[in-house]
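Let's take a look at a protein together, starting with the whole chain and then zooming in on a couple of residues.

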Amino acid sequence: QVQLVESGGGLVQPGGSLRLSCAASGFTYAIYDMRWYRQAPGQQRDLVASITGGGRSSYADSVKGRFAIYRDNAKNTVYLQMNSLKPEDTATYYCNLPTFEAWGQGTQVIVSL
């Protein structure tokens, strides 16, 4: 059974940093693409970052240069390092495994004074 569990969200001031984690289980983690999405209240869920099984990453324009996605295949975990956070980054962040159409439960990030 595929399972994705996010952690690491919280309240942070503008300009601060957070690192989100997504622990995966139930499949051969290392060969699959992984993605992070986010959804602000009343908004659609948007793709933030992707990483291939080979480690190639891509980002939404709104987070380029501030966020970094990376994976530790030994730990079956994908991370999202978020720096220089802005109030508009406030959202619930979701880990996604597109091949299995699997989602985590989400972790909330609030960027505010």
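What follows is a short tour of this predicted model.

A quick word on the ground rules. Residues are numbered from 1 along each chain as its sequence is written, and because this is a predicted model, local features need pLDDT of at least 70 and side-chain atom pairs count only at pLDDT 80 or more, while totals for chains, interfaces and linings use all residues. Side-chain values use heavy atoms, with hydrogens and water left out.

**The whole chain**

What is the protein built from? The secondary structure comes to 0 helices and 11 strands. (Helices are DSSP runs of H or I with at least four residues, strands are runs of E with at least two, and both are numbered from the N terminus.) The radius of gyration is 13 Å, close to the 13 Å that the globule rule gives for 113 residues, so the protein is as compact as a globular protein of that length. That radius is taken over C-alpha atoms, and the rule is 2.2 Å times the number of residues to the power 0.38. Along the principal axes, the C-alpha atoms fill a box of roughly 40 × 25 × 20 Å.

Of the 113 residues, 40% count as buried; buried means under 20% relative accessible area, exposed over 50%, and partly exposed in between, with a 1.4 Å probe and protein chains only. As for contacts (heavy atoms within 4.5 Å), take those with a separation of 6 or more: 53% of them come from residues 24 or more positions apart.

| Residue | Place | Relative accessibility |

Which residues does arginine 38 touch? Leaving aside neighbours within four places in sequence, its contacts include Asp46, Phe67, Asp89 and Tyr93. With tyrosine 93 there is a polar contact between the two side chains, at 2.9 Å. (That term means a pair of N or O atoms within 3.5 Å; within protein, one must be able to donate a hydrogen and the other to accept it, and residues adjacent in sequence count only if both atoms are side-chain atoms.) Arginine 38 and glutamine 108 are 70 residues apart in sequence, yet 9.2 Å apart in space, C-alpha to C-alpha.

Now for arginine 66: not counting residues up to four places away in sequence, its contacts include Met82, Leu85 and Asp89. Asp89 also turns up among the contacts of arginine 38.
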